Amino acid sequence: MTEKFLGNKSFRVADHTVSASCPSNIALIKYWGKYPGQIPANPSISYTLNHCKTNTTMEFCAGKPFGIQIFLAGKEEVKFAEKMEQYFKNIEPFLPWILQGNYTIHTENTFPHSSGIASSASGFGAVAKCLMELDEAFSDDVRTQDPVQKASFLARLGSGSACRSLYDGLVVWGETREVAGSSDLYAVRYPDSEIHEDFKNFNDWVLLIHEGEKSVSSTAGHGLMKTNPYAERRFQEAHENFAVIRQILKSGDMDGFMKLVEHEALTLHAMMMMSDPAFILMKSGTLQVIQKIWDFRKETGLSLFFTLDAGANVHLLFPENEHSDEIKSFINANLMQHTQNKGMVKDVMNF
Ligand code: PMV
(Lines give C-alpha, C1' and ligand atoms only; values in the text may rest on other atoms or scores of the structure.)
Protein backbone atom coordinates (compact mmCIF):
# COMPACT_ATOMS: atom_id res chain seq x y z
CA MET A 1 0.00 0.00 0.00
CA THR A 2 1.45 3.37 -1.05
CA GLU A 3 2.05 6.06 1.56
CA LYS A 4 0.99 9.55 0.48
CA PHE A 5 1.46 12.85 2.20
CA LEU A 6 -1.03 15.67 2.44
CA GLY A 7 -0.23 18.53 4.75
CA ASN A 8 2.02 16.91 7.32
CA LYS A 9 -0.10 13.76 7.61
CA SER A 10 0.57 10.47 5.91
CA PHE A 11 -2.17 8.06 4.91
CA ARG A 12 -2.74 5.12 2.65
CA VAL A 13 -4.20 5.77 -0.81
CA ALA A 14 -7.83 4.73 -1.38
CA ASP A 15 -8.26 3.96 2.25
CA HIS A 16 -10.65 6.68 3.16
CA THR A 17 -14.30 5.81 2.89
CA VAL A 18 -16.70 7.75 5.09
CA SER A 19 -20.48 7.60 5.41
CA ALA A 20 -23.12 9.90 6.78
CA SER A 21 -26.85 10.21 6.99
CA CYS A 22 -28.71 13.52 7.19
CA PRO A 23 -32.44 14.31 7.41
CA SER A 24 -34.39 16.92 5.47
CA ASN A 25 -36.20 19.80 7.14
CA ILE A 26 -39.36 21.83 6.71
CA ALA A 27 -39.32 25.57 7.37
CA LEU A 28 -41.95 27.29 9.52
CA ILE A 29 -40.59 30.82 9.00
CA LYS A 30 -39.27 30.70 5.45
CA TYR A 31 -35.95 31.68 3.91
CA TRP A 32 -36.69 33.29 0.55
CA GLY A 33 -34.18 35.78 -0.78
CA LYS A 34 -30.43 35.94 -0.26
CA TYR A 35 -27.32 38.08 -0.62
CA PRO A 36 -23.98 37.08 -2.19
CA GLY A 37 -22.11 34.36 -0.31
CA GLN A 38 -25.36 32.56 0.50
CA ILE A 39 -26.27 35.02 3.23
CA PRO A 40 -30.01 34.84 3.99
CA ALA A 41 -32.07 37.99 3.63
CA ASN A 42 -34.00 37.03 6.76
CA PRO A 43 -33.83 34.49 9.59
CA SER A 44 -35.70 31.18 9.24
CA ILE A 45 -36.71 28.34 11.55
CA SER A 46 -37.48 24.73 10.65
CA TYR A 47 -38.35 21.36 12.04
CA THR A 48 -35.86 18.63 11.21
CA LEU A 49 -37.68 15.52 9.97
CA ASN A 50 -37.08 12.14 11.58
CA HIS A 51 -37.37 9.75 8.63
CA CYS A 52 -36.77 11.54 5.31
CA LYS A 53 -33.02 11.23 4.98
CA THR A 54 -30.14 11.07 2.53
CA ASN A 55 -27.55 8.35 3.12
CA THR A 56 -24.18 9.05 1.53
CA THR A 57 -20.91 7.14 1.23
CA MET A 58 -17.84 8.99 0.00
CA GLU A 59 -14.66 7.27 -1.10
CA PHE A 60 -11.66 9.61 -1.27
CA CYS A 61 -8.53 8.62 -3.17
CA ALA A 62 -6.00 11.15 -1.99
CA GLY A 63 -3.23 12.18 -4.35
CA LYS A 64 -5.22 11.45 -7.53
CA PRO A 65 -6.30 14.30 -9.86
CA PHE A 66 -9.40 16.08 -8.57
CA GLY A 67 -12.68 14.75 -9.91
CA ILE A 68 -16.04 13.50 -8.64
CA GLN A 69 -18.26 10.65 -9.76
CA ILE A 70 -21.72 10.45 -8.20
CA PHE A 71 -24.20 7.60 -8.16
CA LEU A 72 -27.74 8.42 -7.03
CA ALA A 73 -29.51 5.20 -6.04
CA GLY A 74 -26.95 3.30 -8.13
CA LYS A 75 -27.32 5.42 -11.27
CA GLU A 76 -24.48 7.67 -12.37
CA GLU A 77 -25.42 11.38 -12.39
CA VAL A 78 -22.98 13.39 -14.51
CA LYS A 79 -24.70 16.81 -14.16
CA PHE A 80 -24.97 16.41 -10.41
CA ALA A 81 -21.23 15.53 -10.28
CA GLU A 82 -20.36 18.73 -12.18
CA LYS A 83 -22.34 20.78 -9.66
CA MET A 84 -20.64 18.98 -6.78
CA GLU A 85 -17.18 19.67 -8.30
CA GLN A 86 -18.06 23.37 -8.40
CA TYR A 87 -19.24 23.19 -4.79
CA PHE A 88 -15.98 21.53 -3.68
CA LYS A 89 -14.01 24.28 -5.45
CA ASN A 90 -16.09 26.93 -3.69
CA ILE A 91 -15.39 25.52 -0.25
CA GLU A 92 -11.66 24.94 -0.76
CA PRO A 93 -10.78 28.03 1.34
CA PHE A 94 -12.35 26.23 4.32
CA LEU A 95 -11.03 22.72 3.57
CA PRO A 96 -7.61 23.29 1.97
CA TRP A 97 -7.01 19.57 1.21
CA ILE A 98 -10.32 19.07 -0.60
CA LEU A 99 -9.15 19.30 -4.22
CA GLN A 100 -6.20 16.99 -3.70
CA GLY A 101 -7.89 13.74 -4.62
CA ASN A 102 -10.62 11.94 -6.39
CA TYR A 103 -14.09 11.10 -5.05
CA THR A 104 -16.64 8.42 -5.70
CA ILE A 105 -19.93 9.27 -4.00
CA HIS A 106 -22.88 6.91 -3.58
CA THR A 107 -26.01 8.57 -2.34
CA GLU A 108 -29.65 7.64 -1.86
CA ASN A 109 -32.74 9.22 -0.38
CA THR A 110 -35.19 7.36 1.83
CA PHE A 111 -38.03 9.35 0.21
CA PRO A 112 -39.15 9.67 -3.42
CA HIS A 113 -37.28 12.31 -5.43
CA SER A 114 -40.57 13.56 -6.84
CA SER A 115 -41.94 14.28 -3.37
CA GLY A 116 -40.60 17.83 -3.33
CA ILE A 117 -39.10 17.10 0.07
CA ALA A 118 -35.87 19.04 0.08
CA SER A 119 -33.30 16.47 -1.03
CA SER A 120 -30.82 19.33 -1.50
CA ALA A 121 -31.05 19.99 2.25
CA SER A 122 -30.48 16.38 3.33
CA GLY A 123 -28.05 15.79 0.43
CA PHE A 124 -25.71 18.69 1.16
CA GLY A 125 -26.06 17.99 4.87
CA ALA A 126 -24.83 14.43 4.34
CA VAL A 127 -21.98 15.55 2.06
CA ALA A 128 -20.88 18.18 4.59
CA LYS A 129 -20.87 15.55 7.36
CA CYS A 130 -18.72 13.23 5.19
CA LEU A 131 -16.32 16.09 4.47
CA MET A 132 -15.96 16.87 8.15
CA GLU A 133 -15.04 13.23 8.78
CA LEU A 134 -12.37 13.46 6.10
CA ASP A 135 -11.24 16.77 7.57
CA GLU A 136 -10.57 14.92 10.80
CA ALA A 137 -8.03 12.79 8.91
CA PHE A 138 -6.53 15.38 6.58
CA SER A 139 -6.58 18.78 8.19
CA ASP A 140 -3.46 20.01 9.93
CA ASP A 141 -5.33 22.77 11.68
CA VAL A 142 -6.12 22.60 15.33
CA ARG A 143 -9.92 22.54 15.57
CA THR A 144 -11.25 25.87 16.69
CA GLN A 145 -14.83 25.38 15.52
CA ASP A 146 -17.30 22.75 16.62
CA PRO A 147 -17.39 20.17 13.77
CA VAL A 148 -21.21 20.15 13.59
CA GLN A 149 -21.21 23.93 13.31
CA LYS A 150 -18.59 23.74 10.57
CA ALA A 151 -20.64 21.07 8.76
CA SER A 152 -23.62 23.44 8.95
CA PHE A 153 -21.44 26.27 7.59
CA LEU A 154 -20.30 24.08 4.68
CA ALA A 155 -23.80 22.73 3.96
CA ARG A 156 -25.09 26.32 3.74
CA LEU A 157 -22.69 26.99 0.88
CA GLY A 158 -24.25 24.07 -1.03
CA SER A 159 -27.89 24.90 -0.37
CA GLY A 160 -28.92 27.52 2.17
CA SER A 161 -31.64 25.56 3.93
CA ALA A 162 -29.30 22.54 4.22
CA CYS A 163 -27.45 24.20 7.09
CA ARG A 164 -30.54 23.66 9.29
CA SER A 165 -30.52 19.89 8.71
CA LEU A 166 -27.40 19.34 10.80
CA TYR A 167 -29.37 19.65 14.03
CA ASP A 168 -32.45 17.89 15.42
CA GLY A 169 -35.62 19.53 16.62
CA LEU A 170 -36.30 23.19 15.86
CA VAL A 171 -33.41 24.90 14.13
CA VAL A 172 -32.70 28.56 13.34
CA TRP A 173 -30.58 30.00 10.55
CA GLY A 174 -30.01 33.72 10.17
CA GLU A 175 -29.20 36.33 12.73
CA THR A 176 -32.13 37.40 14.89
CA ARG A 177 -32.06 39.13 18.23
CA GLU A 178 -34.72 36.63 19.37
CA VAL A 179 -32.28 33.68 19.41
CA ALA A 180 -28.96 33.95 21.23
CA GLY A 181 -26.01 32.79 19.13
CA SER A 182 -27.97 32.83 15.86
CA SER A 183 -25.88 33.48 12.76
CA ASP A 184 -26.13 34.08 9.02
CA LEU A 185 -23.23 31.66 8.53
CA TYR A 186 -24.56 28.51 10.15
CA ALA A 187 -27.62 27.19 11.93
CA VAL A 188 -28.17 26.75 15.67
CA ARG A 189 -30.61 24.62 17.64
CA TYR A 190 -33.54 26.51 19.08
CA PRO A 191 -33.24 26.14 22.87
CA ASP A 192 -35.16 23.10 24.06
CA SER A 193 -36.13 24.72 27.35
CA GLU A 194 -37.96 27.44 25.39
CA ILE A 195 -40.23 24.95 23.59
CA HIS A 196 -43.56 23.86 25.04
CA GLU A 197 -44.00 20.05 25.11
CA ASP A 198 -46.93 20.26 22.64
CA PHE A 199 -44.50 21.27 19.88
CA LYS A 200 -42.09 18.41 20.48
CA ASN A 201 -44.13 15.59 18.98
CA PHE A 202 -45.52 16.55 15.60
CA ASN A 203 -46.56 14.84 12.38
CA ASP A 204 -45.66 16.03 8.91
CA TRP A 205 -47.61 14.15 6.23
CA VAL A 206 -46.68 15.36 2.78
CA LEU A 207 -49.42 15.13 0.17
CA LEU A 208 -47.83 14.68 -3.24
CA ILE A 209 -50.08 16.90 -5.31
CA HIS A 210 -47.69 17.23 -8.24
CA GLU A 211 -44.70 14.99 -8.81
CA GLY A 212 -43.10 16.60 -11.88
CA GLU A 213 -40.19 19.03 -12.14
CA LYS A 214 -40.85 22.48 -10.69
CA SER A 215 -41.31 25.19 -13.32
CA VAL A 216 -39.01 27.60 -11.45
CA SER A 217 -36.08 26.43 -9.32
CA SER A 218 -35.57 27.79 -5.83
CA THR A 219 -32.29 29.39 -6.99
CA ALA A 220 -34.22 31.38 -9.59
CA GLY A 221 -36.93 32.15 -7.02
CA HIS A 222 -34.42 33.57 -4.53
CA GLY A 223 -32.97 35.66 -7.36
CA LEU A 224 -36.34 37.20 -8.20
CA MET A 225 -36.60 38.62 -4.68
CA LYS A 226 -33.91 41.14 -5.72
CA THR A 227 -36.39 43.05 -7.83
CA ASN A 228 -39.57 42.21 -5.90
CA PRO A 229 -41.08 45.50 -4.67
CA TYR A 230 -42.40 43.76 -1.54
CA ALA A 231 -39.10 42.10 -0.62
CA GLU A 232 -37.94 44.54 2.06
CA ARG A 233 -41.30 44.41 3.83
CA ARG A 234 -41.21 40.62 3.69
CA PHE A 235 -37.72 40.43 5.21
CA GLN A 236 -38.82 42.79 7.97
CA GLU A 237 -41.93 40.70 8.61
CA ALA A 238 -39.87 37.53 8.98
CA HIS A 239 -37.90 39.29 11.72
CA GLU A 240 -41.16 40.36 13.40
CA ASN A 241 -42.49 36.81 13.13
CA PHE A 242 -39.53 35.56 15.12
CA ALA A 243 -40.65 37.61 18.10
CA VAL A 244 -44.16 36.15 17.65
CA ILE A 245 -43.06 32.52 17.29
CA ARG A 246 -40.84 32.82 20.33
CA GLN A 247 -43.84 33.63 22.52
CA ILE A 248 -45.90 30.91 20.84
CA LEU A 249 -43.27 28.21 21.33
CA LYS A 250 -42.85 29.10 24.96
CA SER A 251 -46.54 29.32 25.85
CA GLY A 252 -47.84 26.40 23.76
CA ASP A 253 -50.25 28.65 21.83
CA MET A 254 -51.30 26.14 19.15
CA ASP A 255 -53.79 28.51 17.48
CA GLY A 256 -51.12 31.17 17.18
CA PHE A 257 -48.70 28.57 15.78
CA MET A 258 -51.14 27.42 13.08
CA LYS A 259 -51.92 30.99 12.06
CA LEU A 260 -48.28 32.02 11.84
CA VAL A 261 -47.08 28.92 9.98
CA GLU A 262 -49.86 29.11 7.39
CA HIS A 263 -49.28 32.84 6.95
CA GLU A 264 -45.59 32.18 6.29
CA ALA A 265 -46.40 29.53 3.66
CA LEU A 266 -48.89 31.77 1.89
CA THR A 267 -46.48 34.72 2.02
CA LEU A 268 -43.79 32.61 0.34
CA HIS A 269 -46.16 31.86 -2.52
CA ALA A 270 -47.47 35.44 -2.60
CA MET A 271 -43.88 36.58 -3.13
CA MET A 272 -43.66 34.27 -6.13
CA MET A 273 -46.85 35.74 -7.57
CA MET A 274 -45.52 39.27 -7.07
CA SER A 275 -42.15 38.54 -8.73
CA ASP A 276 -41.35 39.80 -12.21
CA PRO A 277 -41.78 37.52 -14.06
CA ALA A 278 -44.51 36.14 -11.83
CA PHE A 279 -44.76 32.43 -11.23
CA ILE A 280 -47.12 30.10 -9.43
CA LEU A 281 -45.99 26.74 -8.05
CA MET A 282 -49.28 25.80 -6.38
CA LYS A 283 -51.69 23.63 -8.37
CA SER A 284 -55.47 23.50 -8.12
CA GLY A 285 -55.11 20.50 -5.78
CA THR A 286 -52.99 22.61 -3.43
CA LEU A 287 -55.81 25.17 -3.10
CA GLN A 288 -58.50 22.52 -2.74
CA VAL A 289 -56.58 20.88 0.09
CA ILE A 290 -56.05 24.23 1.86
CA GLN A 291 -59.78 24.95 1.68
CA LYS A 292 -60.63 21.50 3.08
CA ILE A 293 -58.16 21.96 5.95
CA TRP A 294 -59.78 25.29 6.84
CA ASP A 295 -63.29 23.78 6.68
CA PHE A 296 -62.21 20.81 8.82
CA ARG A 297 -60.71 23.11 11.40
CA LYS A 298 -63.86 25.22 11.53
CA GLU A 299 -66.07 22.16 11.99
CA THR A 300 -63.96 20.23 14.48
CA GLY A 301 -61.67 22.77 16.14
CA LEU A 302 -58.83 20.24 15.73
CA SER A 303 -55.23 21.32 15.10
CA LEU A 304 -54.61 20.34 11.49
CA PHE A 305 -52.77 22.96 9.43
CA PHE A 306 -50.40 23.22 6.49
CA THR A 307 -47.15 24.60 5.22
CA LEU A 308 -45.76 24.69 1.70
CA ASP A 309 -42.26 24.52 0.31
CA ALA A 310 -41.32 25.98 -3.05
CA GLY A 311 -43.65 23.55 -4.80
CA ALA A 312 -47.23 22.32 -5.07
CA ASN A 313 -47.14 19.64 -2.39
CA VAL A 314 -48.82 20.26 0.93
CA HIS A 315 -47.14 19.49 4.25
CA LEU A 316 -49.94 18.56 6.67
CA LEU A 317 -48.86 19.41 10.18
CA PHE A 318 -50.61 18.18 13.32
CA PRO A 319 -49.52 17.35 16.85
CA GLU A 320 -49.42 13.71 17.90
CA ASN A 321 -51.98 13.47 20.69
CA GLU A 322 -55.38 11.98 21.55
CA HIS A 323 -56.93 13.71 18.49
CA SER A 324 -54.42 12.56 15.88
CA ASP A 325 -56.37 9.42 14.90
CA GLU A 326 -59.37 11.54 13.95
CA ILE A 327 -57.13 13.84 11.90
CA LYS A 328 -55.45 10.87 10.17
CA SER A 329 -58.84 9.40 9.23
CA PHE A 330 -59.89 12.76 7.80
CA ILE A 331 -56.73 12.99 5.71
CA ASN A 332 -57.10 9.46 4.35
CA ALA A 333 -60.78 9.89 3.55
CA ASN A 334 -60.77 13.45 2.20
CA LEU A 335 -57.35 14.67 1.13
CA MET A 336 -55.70 11.66 -0.54
CA GLN A 337 -57.89 12.13 -3.61
CA HIS A 338 -56.00 15.33 -4.45
CA THR A 339 -52.67 13.57 -4.84
CA GLN A 340 -51.35 12.71 -8.27
CA ASN A 341 -50.62 9.02 -7.69
CA LYS A 342 -51.98 8.35 -4.21
CA GLY A 343 -48.63 9.64 -3.05
CA MET A 344 -47.98 10.60 0.54
CA VAL A 345 -44.84 10.64 2.66
CA LYS A 346 -45.43 10.33 6.40
CA ASP A 347 -42.85 11.75 8.71
CA VAL A 348 -42.68 12.86 12.33
CA MET A 349 -40.70 15.37 14.30
CA ASN A 350 -40.17 14.27 17.86
CA PHE A 351 -37.36 15.31 20.10
O1 PMV B 1 -32.12 26.14 0.35
P2 PMV B 1 -32.85 26.48 -0.89
O3 PMV B 1 -32.05 27.41 -1.73
O4 PMV B 1 -33.35 25.28 -1.62
O5 PMV B 1 -34.15 27.35 -0.49
C6 PMV B 1 -35.18 26.81 0.28
C7 PMV B 1 -36.33 27.72 0.33
C8 PMV B 1 -37.57 27.19 1.01
O9 PMV B 1 -37.57 25.80 1.10
C10 PMV B 1 -38.78 27.62 0.19
C11 PMV B 1 -37.76 27.80 2.39
C12 PMV B 1 -36.86 27.29 3.48
O13 PMV B 1 -36.56 28.09 4.38
O14 PMV B 1 -36.51 26.09 3.49
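**Before you start.** Residues count from 1 along each chain as its sequence is written. Because the model is predicted, local features need pLDDT of at least 70 and side-chain atom pairs count only at pLDDT 80 or more, while totals for chains, interfaces and linings use all residues; side-chain values use heavy atoms, with hydrogens and water left out.

**Exercise 1.** Work out the order of the four strands in the open sheet, and find its edge strands.

*Solution.* 
- Start with what counts as a strand: a DSSP run of E with at least two residues, while helices are runs of H or I with at least four, all numbered from the N terminus.
- Next, pairing: two strands pair if DSSP finds at least two bridges between them.
- Read off the order, which is E13-E14-E12-E15, with antiparallel pairing.
- The edges are E13 (305-308) and E15 (344-350), since each of them pairs on one side only.
- From one strand to the next, the twist averages 25°.
- Now zoom in on one pairing: E12 (residues 201-207) and E14 (residues 314-319) are joined by six bridges. Leucine 207 has valine 314 as its bridge partner in E14.

**Exercise 2.** Find which strands helices H6 and H7 touch or lie across, and how each helix is angled to E13.

*Solution.* 
- Contact means heavy atoms within 4.5 Å. Axes are lines fitted to C-alpha atoms (for helices, over the stretch in contact), and angles between N-to-C directions run from 0 to 180 degrees.
- H6 (residues 254-273) lies across E12, E13 and E14, at about 30° to E13.
- H7 (residues 284-300) packs on the sheet and touches E12, E13 and E14, but its direction makes about 155° with that of E13.

**Exercise 3.** Is asparagine 203 buried or exposed, and what does its side chain make a polar contact with?

*Solution.* 
- Locate asparagine 203: you'll find it in strand E12.
- Check the scale: buried is under 20% relative accessible area, exposed is over 50%, and partly exposed is in between (1.4 Å probe, protein chains only).
- Asparagine 203 has 3% relative accessibility, so it counts as buried.
- For a polar contact, you need a pair of N or O atoms within 3.5 Å; within protein, one must be able to donate a hydrogen and the other to accept it, and residues adjacent in sequence count only if both atoms are side-chain atoms. The partner here is the side chain of glutamate 320, at 2.9 Å.
- Leaving out residues up to four places away in sequence, asparagine 203 touches residues including Leu316, Phe318, Ser324 and Asp347.

**Exercise 4.** Classify the aromatic pair of tryptophan 294 and phenylalanine 306, then compare how accessible the two residues are.

*Solution.* 
- Rings of Phe, Tyr and Trp (its six-membered ring) pair if their centres lie within 6.5 Å; planes under 30 degrees apart are stacked, over 60 edge-to-face, and the rest tilted. This rule gives 21 aromatic pairs.
- For tryptophan 294 and phenylalanine 306, the centres are 6.3 Å apart and the planes make 50°, so the pair is tilted.
- Tryptophan 294 is partly exposed at 35%, whereas phenylalanine 306 is buried at 0%.

**Exercise 5.** Which ring does the charged end of lysine 346 sit over?

*Solution.* 
- The rule asks for NZ of Lys or CZ of Arg within 6 Å of the ring centre and within 35 degrees of the ring normal.
- Lysine 346 sits over the ring of tryptophan 205, 4.4 Å from its centre.
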